[in-house]
Amino acid sequence: ESITITDNVGSSANLVTLFGNTSGTIDAASLYRINGALQELNNVYGSTQFTGLNNEDIFLNDLNISATYDVSNLNTLDGYTSGIVNAGTLTTISGFLSDLLTSYQAVGITNLGNEAITLKDTGTVAASHLTTLASLNSSGSIDASAVTKITGSATEIIAVYTDATI
């Protein structure tokens, strides 16, 4: 059967339960806020069963402090909604430098800036991009140990090596 949600605030866990129990469409247009875990939310938005989702504010509540979240999943979630994605509970993230810069510079993603970051880049990165990320992640650390080559001017490269967070 089809389902119409009338709540204004929902949780990703409840939404996952709904689409696990029906093959009908689920109209979620009344929701203006969804709380939940990053992967569950991407599963909900990626499901063809849901209709009416595209402008909700998202409040991530991933509280597993030992988990590392892939920043590409955060960017995917941001692409699903024109609302704000509050990522304040994420403490450790990983990803490619370009994806990390996308998240940290996104208007739709808020409360990033103190995470432990691990770069997945194993080749060459621009020093200016590393220092930009460090300035956006003002109180978090950046593990760039997989990077094999840093390019840029002498001043830019010195800035990377003297930044205590990289």
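At what angle do the axes of α4 and α5 cross, and within what distance do they come? In this predicted model, in which residues are numbered from 1 along each chain as its sequence is written, local features need pLDDT of at least 70, side-chain atom pairs count only at pLDDT 80 or more, and totals for chains, interfaces and linings use all residues. Side-chain values use heavy atoms, with hydrogens and water left out. The axes of α4 and α5 cross at roughly 35° and come within 10 Å. Axes here are lines fitted to C-alpha atoms, for helices over the stretch in contact, and angles run from 0 to 180 degrees between N-to-C directions.

The crossing of α4 past α5 is left-handed, a term used where the near helix is turned anticlockwise from the far one by less than a right angle, clockwise being right-handed. On the α4 side the contact involves L97, L100, L101, Y104 and Q105, and on the α5 side H129, L130, T132, L133 and L136. Contact denotes heavy atoms within 4.5 Å. Seven residues of the contact of α4 with α5 are nonpolar, three are polar and none is charged. In this classification Ala, Val, Leu, Ile, Met, Phe, Trp, Tyr, Cys and Pro are nonpolar, Asp, Glu, Lys and Arg are charged, and the others, Gly among them, are polar.

The secondary structure of the protein consists of six helices and 14 strands. Helices (H or I, at least four residues) and strands (E, at least two) are DSSP runs, numbered from the N terminus. The C-alpha trace spans about 65 × 25 × 25 Å along its principal axes. Of the 166 residues, 39% count as buried, where buried means under 20% relative accessible area, exposed over 50% and partly exposed in between (1.4 Å probe, protein chains only). When contacts between residues at least 6 apart in sequence are considered, 66% join residues at least 24 apart.

Two further helix pairs were examined. Helix α1 (residues 12–20) packs against helix α2 (residues 38–46) at an angle of about 45°, with the axes 9 Å apart. The arrangement of α1 relative to α2 is therefore oblique; angles under 35 degrees count as roughly parallel, over 145 as roughly antiparallel, 65 to 115 as roughly perpendicular and the rest as oblique. Helix α1 passes α2 in a left-handed crossing. Residues S12, A13, L15, V16 and F19 of α1 meet E40, L41, N43 and V44 of α2. By class, this contact of α1 with α2 comprises six nonpolar, two polar and one charged residues.

For α3 and α4, the packing angle is about 45° and the axes are 9 Å apart. Helix α3 is thus oblique to α4, and α3 passes α4 in a left-handed crossing. In α3, V71, S72, L74 and N75 meet D99, L100, T102 and S103 in α4. The contact of α3 with α4 contains three nonpolar, four polar and one charged residues.

In soluble globular proteins, nonpolar side chains tend to be buried together. The largest nonpolar core of the model has 40 residues, and L60, L74, L119 and L133 have the most contacts inside it. A nonpolar core is a set of buried Ala, Val, Leu, Ile, Met, Phe, Trp, Tyr and Cys residues joined through side-chain atoms within 4.5 Å. At least two residues of the 40-residue core are supplied by each of α2, β6 (57–60), α3 (71–80), α4 (97–105), β11 (116–119) and α5 (127–136). With residues up to four places away in sequence not counted, L74 touches L38, L60, V85, A87, L90, S103, I109 and L112.

Individual positions were also considered. G10 lies in strand β2 (residues 9–11) and counts as buried, at 14% relative accessibility. Beyond neighbours within four places in sequence, G10 is in contact with L31, R33, I34 and N35. The C-alpha atoms of G10 and I142, 132 residues apart along the chain, are separated by 34 Å.

T165 belongs to the segment after α6 (154–162) and is partly exposed, with a relative accessible area of 21%. Neighbours within four places in sequence aside, T165 contacts A134, G140, S141 and I142. Between the C-alpha atoms of T165 and G140, 25 residues apart along the chain, the separation is 6.7 Å.

N111, in the loop between β10 (109–110) and β11, has a positive phi of about 65° although it is not a glycine. Most residues other than glycine have a negative phi. The relative accessible area of N111 is 46%, which makes N111 partly exposed.
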